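Thanks for passing this one along. Here are my notes, in numbered points, to read with the model open beside you.

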Amino acid sequence: MLSTAMDVPGAVWHVDETGLVTVQAQPAWWRKWGQDAGWPEYAEMFAQAGEQARSDDVCGVLGRTTFRPCRHNTRLYGPCPHHCEKPLRFHCATGRKKGGWCRWDLRKGVCSHHPDSYEEYAAAERADEEHELRRQAMREHELRKAAERRHLGTLGVACPYCDAQPGTRCVGRKGEGKRTLHGARENLWLHTETATASVCTYCEAAVGELCRTSSGHIASQAHADR
């Protein structure tokens with residue numbers, strides 16, 4: 001995506017987010033300004049435009065063969081896997097005789113030059129997967145415990161919707177027992193839990209008392225001020 005586009009006499013130039021300046025012009029333009037004494041001014045103008053458009057969010061390292069700056073967005077995707085100073089976890093990272101380290105991406109499979117490096121990476125990946133499975137199992141356990149506590153708490157109050165008594169299941173329209181409890185009953189239990197912990201500054205309900213509406217009826221939920 002071009003971030004800047006300007007016209008100069010006989011040419012069009014563009015600047016992108018990496019600070020790369022691209023000039024499009026006819027050969028006659030280049031011949032004229034290549035021999036003209038005013039060329040350094042245009043060169044400085046291009047350089048300043050590139051410096052102003054350069055973003056800190058891109059890698060920007062020049063390729064050894066393309067001589068173009070790398071467009072990898074470090075803000076969105078983290079360190080550039082091709083030009084980072086230190087090996088990333090998925091790099092082979094085996095030292096080379098001529099200096100530096102192997103940048104082979106082990107996520108693609110075993111490095112053909114350094115196959116031993118894949119074993120350590122695979123072991124770390126398995127450890128991470130096992131850790132994530134344990135965390136997921138713990139989250140599911142906590143969710144089940146919270147759901148059970150919510151169900152038992154809701155069952156301990158009377159239902160304001162179907163008049164089911166504490167300890168009994170809610171009743172449907174046809175008089176049969178429902179597998180799930182009414183939402184109004186759960187709201188009443190949550191209201192009761194809130195009432196036992198604090199007073200309400202809105203309706204002046206004391207600790208243990210349910211909030212009431214302006215008409216004096218028990219509110220379906222505790223007031224936000226509580």
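1. Burial comes first. Buried residues account for 26% of the 226 residues in the protein. Please keep in mind throughout that this is a predicted model.

2. Next, the layout. The protein has five helices and three strands, and from the N terminus on the order is β-β-β-α-α-α-α-α. With a radius of gyration of 34 Å, well over the 17 Å that the globule rule gives for 226 residues, the protein is more spread out than a compact globule. Taken along the principal axes, the box filled by the C-alpha atoms is roughly 95 × 55 × 35 Å.

3. A word on contacts. If you consider pairs in contact that are at least 6 residues apart in sequence, 27% of those contacts join residues at least 24 apart.

4. Which residues make up the largest nonpolar core? There are nine in all: Ala11, Trp13, Val15, Trp29, Trp33, Tyr42, Phe46, Ala49 and Ala53. At least two residues of this core come from each of strand E2 (11-16), helix H1 (27-35) and helix H2 (39-53). Of these elements, H2 gives the most, with four residues. Another core lies apart from this one and has six residues, among them Phe90, Cys92, Cys102 and Cys111. As background, nonpolar side chains in soluble globular proteins tend to be buried together.

5. The accessible surface of the protein is about 16,400 Å², and carbon and sulfur atoms hold 53% of that.

6. Two backbone angles deserve a look. Most residues other than glycine have a negative phi. You will find aspartate 163 in the loop between helix H4 (117-155) and helix H5 (183-195). Is aspartate 163 buried or exposed? Its relative accessibility is 58%, so aspartate 163 counts as exposed, the cut-off being over 50%.

7. The other angle belongs to glutamate 204, where phi is again positive, near 65°, in a residue other than glycine. Where is the place of glutamate 204? Look in the segment after H5. Glutamate 204 is exposed as well, because its relative accessible area is 72%.

Key
Residues are numbered from 1 along each chain as its sequence is written. This is a predicted model: local features need pLDDT of at least 70, side-chain atom pairs count only at pLDDT 80 or more; totals for chains, interfaces and linings use all residues. Side-chain values use heavy atoms; hydrogens and water are left out. The radius of gyration is taken over C-alpha atoms; the globule rule is 2.2 Å times the number of residues to the power 0.38. Buried means under 20% relative accessible area, exposed over 50%, partly exposed in between (1.4 Å probe, protein chains only). Contact means heavy atoms within 4.5 Å. Accessible areas come from the Shrake-Rupley method with a 1.4 Å probe; for residues, only the protein chains shown count as cover. A nonpolar core is a set of buried Ala, Val, Leu, Ile, Met, Phe, Trp, Tyr and Cys residues joined through side-chain atoms within 4.5 Å.
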